[in-house]
Amino acid sequence: MKRVKAIKANTILKVIALIVPLLLSINSFTLASTPETPAASQSPKTEVTAPQTAAAPAEGAEGEEKAGDVIMHHILDNHILAFEPFGEIELPKIVVGGFDLSITKHVVMLWVVSAILIALFALAGGKYKKMTARQAPKGLTNALEALVEFIRVDVAKANIGKDYAKYLDYLLTVFFFILLCNLLGLVPYGSTATGNINVTLTLATFTFFITQVAALKAHGIKGYLAHLTGGTHPALWIIMIPIEFIGLFTKPVALTIRLFANMTAGHIVILSLIFISFILKSYIVAVVMSVPFSIFIYLLELFVAFLQAFIFTMLSALFIGLASAHEGHEEHEAGAAHH
Amino acid sequence: MLTSGNILLAGSLLSPNPGLIFWTAITFVIVLIILKKIAWGPIISALDEREKGIQSSIDRAHKAKEEAEAILKKNRDTLAKADAEADRIIREGKEYADKLRADISEKAQAESKKMISNAKDEIEQEKRRALDVLRNEVADLAVKGAEKIIKTTLDADLQKKIVDSMIQDLSTKRN
């Protein structure tokens, strides 16, 4: 038995010794002849990055600088919808009154998300309209209902309290909107609209306004202004009011940065891992590191897509709940600081 | 990576884009309104309805269970009562039977006693009568004996013998 093992180990070593130089030589050979093959031979998942990455090694040896550009190009918004290798669509530029209202890649993604959401929920809503209370949902409706019910009970009801129904429409929409935006970034030819700070800022602004309206409704103008003083002595107001005023904006800013940074960071990590193999020009790095690690990060990104959508919704609900139900200033601060 | 750093510093990643903000806001509000109409309304109302339905079903089930338990308890009570009743009846029957038996045996004993005493009385009476008759006869015989003795000899010894033999005779005869 021992002998057999020794022989086996020996053969494996021999095979490795044969294959490694072979792989290395093939690597340099293919890189020299067809720059597209590395991307094509990787798992289908990397197709997302294939169009952009294909250009990098082809253009020259200074891949390191190019890689950064390509990554940024992939993450940033632009006016071209690229469907390489099939071609690209130039998006129209619209300028109204000095404002650039062009339809960019991310706007298109937002519309795709909207279309998918509306189609999905038109289907589900139609089924619900037909359904009696005695029927159980199945298939798509069941899957969507699990998420809807989760947002309704564990997010809205748990954080806002008895008035949760008023804010439920917003919370549900924001959850599914962000979730789908996040997920579409992981699809070939897709891009993450929520990885753009303008999108997240807009969504956080909605939460901000809803939170302020909820606070105003719950406490009135007087209570709202009193809250800005932090309940301290008038002598301290000169310090407290600016602090509280800034405090109002930290929450939406935190929401903005969190979502944007999470979505952007994941993509940068995946692309960087892929690019390591191009920069080092090695199949071994691709097989041993780039592909498995980027698959791992990709799966992590799937989880993060759900997690960030949940966190955004959860925190929105929490802020609304804190603003509308006032349970003492300390708790409020503690709750805000905690998140 | 230098260029990407420059891009970052130039603000591409964080640069404000009013167009995108505008489109995001418009898109989101439209999606919110449409979804509210086509999805959230029906789904939430259906969920509420189902929640209520489930709650009422649970309530009903609880109620039914309580009712069933009450009925079961009632049945058990009835059964226990019936058992007690049966026990009581059996016990009473036994008691009655015992009493009856005791009565009857007592009566029988009394009867037998009475009969025995009656018989004894009768025997006594018969005996007395027999004795009376005997006495009369003895007296008669004595008188007759005396007559005979007087008639034959007036010897005292003889007389005595005669009387003795007569008495002997009487006793044998009687027995």
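Good morning. Chain A of this predicted model has a mean pLDDT of 77, and 79% of its residues reach 70 or more; pLDDT is the predictor's confidence in each residue, from 0 to 100. For chain B the mean is 84, with 90% of residues at 70 or more. The model scores ipTM 0.72 and pTM 0.65.

A word on conventions. Residues are numbered from 1 along each chain as its sequence is written, while chains are lettered from A and ligands numbered from 1 in the order in which they are written. Because the model is predicted, local features need pLDDT of at least 70 and side-chain atom pairs count only at pLDDT 80 or more, whereas totals for chains, interfaces and linings use all residues; side-chain values use heavy atoms, with hydrogens and water left out.

Where is confidence lowest in chain B? It is lowest in helix α1 (residues 2-10) of chain B, at a mean of 46, and highest in helix α2 (residues 18-152) of chain B, at 89. Helices here are DSSP runs of H or I with at least four residues, strands are runs of E with at least two, and both are numbered from the N terminus.

In chain A, pLDDT stays under 50 over residues 27-64, for which the model has 53 contacts beyond four places in sequence, a contact being heavy atoms within 4.5 Å. Residues 328-339 of chain A also stay under 50, with 11 such contacts. Where pLDDT is low, the predicted coordinates should not be read in detail.

I turn to helix packing. Helix α6 (residues 140-160) of chain A packs against helix α10 (residues 283-324) of chain A at about 30°, with the axes 7 Å apart. Therefore α6(A) is roughly parallel to α10(A), the cut-off being an angle under 35 degrees, with over 145 counted as roughly antiparallel, 65 to 115 as roughly perpendicular and the rest as oblique. On the α6(A) side, the contact is made by F150(A), I151(A), V155(A), N159(A) and I160(A); the residues of α10(A) include F310(A), M314(A) and G321(A).

The axes of helix α9 (residues 237-280) of chain A and α10(A) come within 9 Å and cross at roughly 175°. That makes α9(A) roughly antiparallel to α10(A).

Finally, the strands. Strand β1 (residues 80-83) of chain A and strand β2 (residues 87-90) of chain A pair in the antiparallel sense over four bridges; pairing requires that DSSP finds at least two bridges. A hairpin through three residues joins β1(A) to β2(A), and A82(A) stands opposite E88(A) in β2(A).

Notes
Axes fitted to C-alpha atoms, helices over the stretch in contact; angles between N-to-C directions.
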